[in-house]
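Subject: A structure for you to explore

Hi there,

I am passing a structure on to you, with some notes on what turned up in it. Have a look at it first, and then read on with it open beside you.

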Amino acid sequence: MNTPTLRIKEFIEKLNKKNQIGEENKDAKKTNAKIRFKILKQKQYANELKDTILSIIPSIKEEEQYSLLLWTKLALYLRIRNDIDSNNIINEYLDWRKSTGKSFYAVKRVDLDTHINIDAFILKKLNPEDFCFNWVCVKPALSKIPHNKNKKDISKIYGINNIAKIKSCLEIAFNNKTIKDLEARNIKYSNDEKIYVYYKNRESLYNELKSKHDLKIALSSFKGIISSFVEIRYKGR
């Protein structure tokens, strides 16, 4: 792996960081009742987190090191589905992307030749089987530099959490057929990340997601994000 790695224990500690007690207070025998109660609550929360994670990814092994990319996918899932504060992991990923990770553009399984854009991989629907494989980041070959090399990284502009919220709402709307003008796009012969087609304008899609799926994002941010994932078409053109 060429990304930072964590064990499940380390991942849980980072999620539970705001509740942690300083080293000088960890010996419950030398602390007052208030500190001992906080230590107990911290341990209970860590156990609940572990049970939740193992219910989602049963294949996780205690001593195995997993890529930060996988943990970030899981952190976003826990934030959206379980309302768990996962900013510590997300920020760690963003810091890595700004430093060491900025030279990479895609991620691939070591046993496959195909690759996917890093941010698209992070935001793609969580698949528990991903934790069964090794993943590496790759740099663009000189002959395969993306055409639009000046394209802005929308995760840095609008925030990875906002992008994840929109993608989650789109996925739910599509799966439950709550928005009739939203359809799957044929991406078999396309290299971009647009996976849906919507047959009205962006404002209409925003209003439908806001009213039917409680999307809470400013319209200006929505417009900047949605073009990366949805193709706007007009019926009868």
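Let's start with a pair of charged side chains. K212 and E208 form a salt bridge, and their closest N and O atoms are 2.9 Å apart. Please keep in mind that this is a predicted model. Both residues sit in helix 8 (residues 202–213), and because they are four residues apart there, about one helical turn separates them.

Another of them joins E92 to K14, with 3.0 Å between the closest N and O atoms. E92 belongs to helix 4 (residues 87–98) and K14 to helix 1 (residues 8–15), so this pair ties together parts that lie 78 residues apart in sequence. E92 is partly exposed, with a relative accessible area of 25%, and K14 is partly exposed as well, at 26%.

One more salt bridge to find is the one between E231 and R233, where the closest N and O atoms are 2.9 Å apart. Is E231 buried or exposed? E231 is buried, with a relative accessible area of 17%; the cut-off for buried is under 20%. R233, at 25% relative accessibility, counts as partly exposed.

Next, please turn to helix 3, which covers residues 68–82. You can check its length yourself: at 1.5 Å a residue, its 15 residues should span 21 Å, and the end C-alpha atoms are 20 Å apart, which agrees. Several residues of helix 3 are buried, including L68, W71, T72, K73 and L78. Just after the helix comes D83, which takes a positive phi of about 55 degrees.

Finally, here is a pair of strands. Strand 3 (residues 106–109) pairs with strand 5 in the antiparallel sense, over four bridges. To find your place, look for A106, which stands opposite V138 in strand 5. Strand 5 runs over residues 135–138. Which way do its side chains point? W135 and C137 point one way, V136 and V138 point the other way, and all of these are buried.

Best wishes

Terms used: Residues are numbered from 1 along each chain as its sequence is written. This is a predicted model: local features need pLDDT of at least 70, side-chain atom pairs count only at pLDDT 80 or more; totals for chains, interfaces and linings use all residues. Side-chain values use heavy atoms; hydrogens and water are left out. Helices (H or I, at least four residues) and strands (E, at least two) are DSSP runs, numbered from the N terminus. The expected span of a helix is 1.5 Å times one less than its number of residues. Buried means under 20% relative accessible area, exposed over 50%, partly exposed in between (1.4 Å probe, protein chains only). Two strands pair if DSSP finds at least two bridges between them. A salt bridge is a side-chain nitrogen of Lys or Arg within 4 Å of a carboxyl oxygen of Asp or Glu.
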